[in-house]
Number of protein chains: 2
Amino acid sequence: MAFLKELSLVKNNFLSGIDVLSRRAAQISAEIQQGERRSYNEVLDLSSGDLHRGGIKPITFVRQVLAACFYPALLEDDSLPLDVKQRAESLLRECDGGSVGSYTDSSGMAKVKRCVSQFITSRDGGVPSSPDNIFIKSGSQTALMIMLKLLIRSTDSCRTGVLIPVPTYASFSLALEEQGAAIIPYYLCEEQGWMLQVEELRRALQSARKTCNPAALYICNPGNPTGHIQSRKSIEEVIRFAAEEKLVILADEVYQSCVYGDNTEFYSYKKVLSEMGSTISSTVELASFHSVSKGFMGECGFRGGYVELVNIDPEVKEHASRLFSTRSCPPVVGQIALDLMTDPPKPGDPSFPTFSEEVQSIKNTICKNTGRIQEVISELPGVSCQPLKAGFFIFPSLYFPPKAIKWAEKREMEPDFLYCLHLLEETGLHARPGCEYRQREDSHHIRLFVGTRENVMEDALQRLKTFHVRFMKEFS
Amino acid sequence: MAFLKELSLVKNNFLSGIDVLSRRAAQISAEIQQGERRSYNEVLDLSSGDLHRGGIKPITFVRQVLAACFYPALLEDDSLPLDVKQRAESLLRECDGGSVGSYTDSSGMAKVKRCVSQFITSRDGGVPSSPDNIFIKSGSQTALMIMLKLLIRSTDSCRTGVLIPVPTYASFSLALEEQGAAIIPYYLCEEQGWMLQVEELRRALQSARKTCNPAALYICNPGNPTGHIQSRKSIEEVIRFAAEEKLVILADEVYQSCVYGDNTEFYSYKKVLSEMGSTISSTVELASFHSVSKGFMGECGFRGGYVELVNIDPEVKEHASRLFSTRSCPPVVGQIALDLMTDPPKPGDPSFPTFSEEVQSIKNTICKNTGRIQEVISELPGVSCQPLKAGFFIFPSLYFPPKAIKWAEKREMEPDFLYCLHLLEETGLHARPGCEYRQREDSHHIRLFVGTRENVMEDALQRLKTFHVRFMKEFS
């Protein structure tokens, strides 16, 4: 097969692996479009957390407001609900020249920052939030990169260390490496539902002190790719640890609205911190990230996210503010989406019934999907899975027969990477291998996105099942 | 005055200067909104190249296509022209899940890259361009930053040097400093219409060789803030120089469509390079940048720009491609705007008459504005100005009386910075001081944006005139 030629370049480099898998998926799609026959008629993409790619429809309210903002002649149109027009008008009033094509302040429009801070205050049951501490960028990752820039002093003889969970998504490790940080991995406990254990944080920090200067602790809660969510008690322990060790907490909370199950609740680091007594609550430095891509709105292509800074020294904040402002302004469309995400239609608003129905339907779909995934997976040989509590991904563990391991070793590849490549090639299902996420050695996983239309998920699961059974037979 | 408290922190730091001027402008606007009385009723902003902020209306075709892409129910609407609907439909077909809310390839959608490369081929009279060499990002500056990242090796004991014109816009110098590059200034010759002289490039390079490792030559053509445009001959000379000195050319060509006057034509570096004989045309490495912000479309808030790579070694391109792909995808709205900019309505299309009328009207406005600016300026004492040939800015030279220079020295500020601050404070006109652009020592300038509605420009010029006359009287 032609794609193996490219494969021969890959070896164990998970980065190239990302390229190879995605490129191959694109290539297969193109070949099918050009009429090439395969046993499947399209590639199914469970590789990234993209609701619309998975066939979920956008929220009508969001799209109507945007259409009116971009083409204000629609404000004269009777077909748009009154609250849509009012929101569009109020947003356009905040744009210079009344146009979404104008630059905004490089940290975001004042109106949107107010909206975000009101959302945070209300989310956290009244804990105050100030627009001055909100910085909007073209996605939470961009904001995170700027915060890393602020933290990491590459001129130091001793490198700045950042504690990161294992598993964690690849682009974050990459960003750290690019900025010259030392990565300090701490392992989440899979057996206990990917729990974050403070003794493990302590072990990781201790072992890193010899080689770098640990400055920050990165948390992903709810977790990607793990689908776990921290309890209030767990967050308190982490904050206490950060206080003792004088670490800045970088809390990636982009999946905060995607929480499933009856006894599961999202607590923000900010809220928990605020209730911990003043020696801690007024000193631990925290940056919390959120995004329009990862909620039920799922507007990944708009590019909008924010960071809120808590307890950051005013001089540092001034420096941060300058770093944020040397970059061009965030896309206005992403800012508007943030406004709509943090101030959605309320009961009584004309758009409310449709809006709440659409959100509920997306939630129902994801719940059904995760149920089906767990059902199907539980029947597959050599697969186990921690329950999905939150977020967009499920991360089953694969136990490969020794023959499969040897087969991969011979090709100098990670077994789960090779598994995903063949899964893609033979069934057209694009999932991601655990080796991309810096998993524990000798453990193997795949990451599956759970936010697709139900029929897409059913199709994907049948492909996975067929492939997996054949694979295990071949290598048993 | 309260704003002077803030001023006392400023001194000669042009960066803080940017903050102070912009912050003060925002503050004054807010005060006026809150009812405070001043001799003017609004701040007029000639500080940035933002057509819509200046009251220029967006291009209808662009906004209609985008509205339909955001809210496809509009495709059923009879009020939208057929070509608008067709374009929206063809763009939505290229989006995963048919939604502009999906992620795209991190270097941009294949359709848009094809469109951009066809535009380049046609612009350059048939010189081939391949979509594989196009990388789309959230603005030309973002693409430029990534190219700098590729070029600059901060681990070298000897820093990587980049030749940059003086004057040049501040954010670029900043980006270079942030990435750890050594800045090698070369001076444009104001007396000769801001001409770029190769002997000056040579002098700059020679003097820099002792302290750094010069790797790239940054060109801004048409020029910001200078409003000049290079002749074909001048470009050839520069390319020959880059070939001799083995420098990568970074050609910032974002103002390429904004060219005024009968005998003025834009030549792209790529076209000129392609016609220079194979030892040069096939070896000189070139990266050329363009954007949706800086043409007559003026959609700064959308965030869309691209770089085309020419003669870049395949392995380096692979590395570049990886650097581009570790960042999230560019905003879909910016990509769509690029598609529309590079493939606008054609004669015969339903949208063509309105489209061409709107573009012509913007051109006429800018031409009238620049005429009026030069008229007014020529009557002001102590001001001279090179003719504006292209771009969005005019950069008049100010000759301050010795008393004014001393007044500024006493305050440890640049005279043109202090001039701009008082211009803002007393008349509400927000212009930028030459000191932000690394101007030649002992020369002073202001930069004025030329792309506003005519009545806005007239108002601005009256404010400038009144202030300038009073200022010169006070210090003569």
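How many Å separate the centres of domain 1 of chain A and domain 2 of chain A, taken over C-alpha atoms? They lie 28 Å apart. This is a predicted model, in which local features need pLDDT of at least 70, side-chain atom pairs count only at pLDDT 80 or more, and totals for chains, interfaces and linings use all residues. Residues are numbered from 1 along each chain as its sequence is written, while chains are lettered from A and ligands numbered from 1 in the order in which they are written.

Back to the domains. The assignment, which is automatic or from a database, gives chain A a domain 1 made of 2-55 + 358-475 and a domain 2 covering 103-342. Their contact (C-beta atoms, placed from the backbone, within 7 Å) takes 29 residues from domain 1 of chain A and 30 residues from domain 2 of chain A. On the domain 1 side, α2 (14-33), α14 (352-378) and β10 (393-394) of chain A each give two or more residues, and α14(A) supplies the largest share, 5 residues. That side divides into 14 nonpolar, 8 polar and 7 charged residues. Here Ala, Val, Leu, Ile, Met, Phe, Trp, Tyr, Cys and Pro count as nonpolar, Asp, Glu, Lys and Arg as charged, and the others, Gly among them, as polar.

All 6 of its 6 residues are buried, so β8(A) is largely enclosed by the rest of the structure. Buried means 20 or more other C-beta atoms within 10 Å of a residue's own, exposed 12 or fewer, and partly exposed in between, with C-beta atoms placed from the backbone. A:G305, A:V307 and A:L309 point one way, and A:Y306, A:E308 and A:V310 the other. In a regular strand the side chains alternate between the two faces of the sheet.

| Strand of chain A | Sense | Bridges to β8(A) |
|---|---|---|
| β2 (residues 134-137) | antiparallel | 4 bridges |
| β7 (residues 286-291) | antiparallel | 6 bridges |

In β8(A), A:G305 is the bridge partner of A:K137, and A:V307 is that of A:F289.

Helix α6 of chain A (residues 140-151) is another enclosed element: 10 of its 12 residues are buried, so the rest of the structure largely surrounds it. Among the buried ones are A:L144, A:M147 and A:L151.

Key:
Two strands pair if DSSP finds at least two bridges between them. Two residues are in contact if their C-beta atoms, placed from the backbone, lie within 7 Å.
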